[in-house]
Amino acid sequence: MDEARSEIIDVEQLRPGMYIELELGWMAHPFPTSSFKISSDKQIEIIRGLGRQQIRYVPAKSDLPDTAGVESAATDLQPAQAQKNAEQLLRQQHAERLTAQQRDLAMCERRFGQTVRQYKQALEQVRSHPSEVMSQCQAMVNGYVSEMLTTGESAIRLLSDGMGDRLSMHPVNISILCMLLGKQMGLGETEMTDLGLAAFLHDIGKLELPDRVRWQESSFSAPETKAFQAHVAQSVMLCQRMGLPPGALQAIAQHHEMMDGSGFPARLKGDAITLPARILALVNRYDDLCNPSRPAAALTPHEALALLFAQSRSCFDSTVLSSFIRMMGVYPPGSVAQLNDERYAMVVSVNSSRPLKPRVIVFDAKVPKHEALILDLEAAPELGIKRSLKPSGLPDDALNYLSPRQRICYFFEPAVDLHPHEVAP
């Protein structure tokens with residue numbers, strides 16, 4: 001019983017090491033839980049900003065050099081006006097965080113949409129104006145490479161459904177992930193640019209194919225398989241007309257080659273395949289698993305990574321595969337999961353340099369889904385992901401709330417700069 005004994009103290013007495021109980025609803029404050037040990041002065045500032053004058057403090061669970069000097073304060077009734085001010089402050093803070101969250105997502109989706117439109121324009125003009133298309137694609141890729149190399153850590157962000165048709169959505173997804181992986185693996189600016197161009201244009205030869213053979217199926221006949229495989233040569237030919245640099249052309253020519261020699265068109269293996277082509281081959285396969293032509297066959301991002309690691313390791317460069325898993329995290333954006341406190345959540349963002357604690361949307365029936373705030377697990381050392389789920393494994397109310405994506409679309413944004421155990425206001 002002694003361990004549960006608590007005292008009421010003034011917020012001005014708070015110090016790191018104290019274990020406190022906020023006695024507020026989960027969404028009424030920005031912390032992952034309402035009871036926790038204070039680990040920084042930043043958390044104290046946030047607590048004071050909640051508008052409460054007094055806080056419940058548990059000495060037995062605290063870790064202070066000297067707790068004898070902390071005296072219990074009288075539990076005077078808080079004036080009604082102070083309570084009203086506190087509630088108003090909480091509502092304002094929630095609204096500000098929600099606005100910032102929606103603004104950041106809208107920015108990513110707008111840039112993704114612009115890139116999709118640029119790809120569609122490339123498809124329309126590549127035959128008639130190849131040099132102009134090359135200039136536009138080069139400028140776009142250069143801009144992304146420069147941004148990735150100069151903005152520090154990046155976060156991989158899940159976008160909404162309906163961001164484009166598969167023919168144009170696929171190369172945008174591939175480009176962003178390939179360039180981020182190139183950065184993760186230490187590629188220089190020239191190699192990253194070649195990789196970005198190759199990823200953006202690797203399937204442009206599918207423009208020459210009938211719709212029915214644009215996406216490979218296990219049920220293809222031999223003639224259909226041959227027609228599908230012809231898109232590699234068609235892509236190389238179109239990109240040669242555009243004037244792509246040799247490194248990008250080589251990556252396009254090899255983007256279906258496998259390390260064990262099982263790929264096509266040349267059945268290359270091992271060191272005969274360039275590093276940009278190895279990166280492109282892996283990311284291309286990941287996106288195909290998450291976004292197949294038949295949505296019913298789609299794997300979750302977590303399942304796709306597990307399959308690549310467990311069953312396809314011989315096909316891909318081991319260093320590239322390990323780097324990709326480190327970048328995406330065990331639970332990439334789009335994964336549906338259950339937390340260790342049993343709540344259901346969907347991963348919406350992963351810091352590509354610190355992926356073990358992603359940012360998630362948590363199902364909470366008490367909070368309207370359009371007002372749900374993103375929870376950063378990096379700021380919640382006591383919380384983690386217990387297991388991955390297929391969307392069909394969610395209860396109906398959680399499924400409707402989290403709305404798992406039928407198509408997985410990614411973009412990048414500057415990573416949230418949080419030190420361990422700190423929470424952004």
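Which residues touch the most other members of the largest nonpolar core? In this predicted model, they are Leu 201, Leu 244, Tyr 286, Phe 324 and Met 328, out of 88 residues in that core.

**Nonpolar cores**
- Leaving aside residues up to four places away in sequence, Tyr 286 touches Leu 177, Pro 301, Ala 304, Leu 305, Leu 308, Phe 324, Met 328, Pro 332 and Tyr 410.
- There is also a second, separate core of 18 residues, with Ile 9, Val 11, Ile 20 and Leu 50 among them.

**Helix 9**
- In helix 9 (residues 301–311), the buried residues are Pro 301, Ala 304, Leu 305 and Leu 308.
- These residues lie on the same side of helix 9 because they cover an arc of only 95° around the axis.
- As a reminder, an α-helix has 3.6 residues a turn, so residues three or four places apart point the same way.
- Ala 310 and Gln 311 are exposed, on the other side of helix 9.
- The packing partners of the buried residues are helix 8 (275–290), helix 10 (318–328) and strand 11 (410–414).

**The largest pocket**
- The volume of the largest pocket is about 760 Å³.
- Its lining comprises 31 residues, and those closest to its centre are Gln 216, His 256, Arg 285, Asp 288 and Leu 289.
- Two or more lining residues come from each of helix 4 (166–184), helix 6 (222–242) and helix 8, and helix 8 gives the most, with 5 residues.
- Sorted by class, the lining has 13 polar, 11 nonpolar and 7 charged residues.

How values were computed
Residues numbered from 1 in each chain as written. Predicted model: local features only at pLDDT ≥ 70, side-chain atom pairs only at ≥ 80, totals over all residues. Heavy atoms only, no water. Buried < 20%, exposed > 50% of the residue type's maximum accessible area, 1.4 Å probe, protein only. Helix = DSSP H or I, 4+ residues; strand = E, 2+ residues; numbered from the N terminus. Arc of directions from axis to C-beta. Contact = heavy atoms within 4.5 Å. 1 Å grid on protein atoms, 1.4 Å probe; cavity = no way out; pocket = protein on both sides within 12 Å on 5 of 7 lines; lining within 4 Å. Points joined across faces, edges and corners; volume = space filled by probe spheres on them. Nonpolar A, V, L, I, M, F, W, Y, C, P; charged D, E, K, R; others polar. Core = buried A, V, L, I, M, F, W, Y, C linked by side-chain atoms within 4.5 Å.
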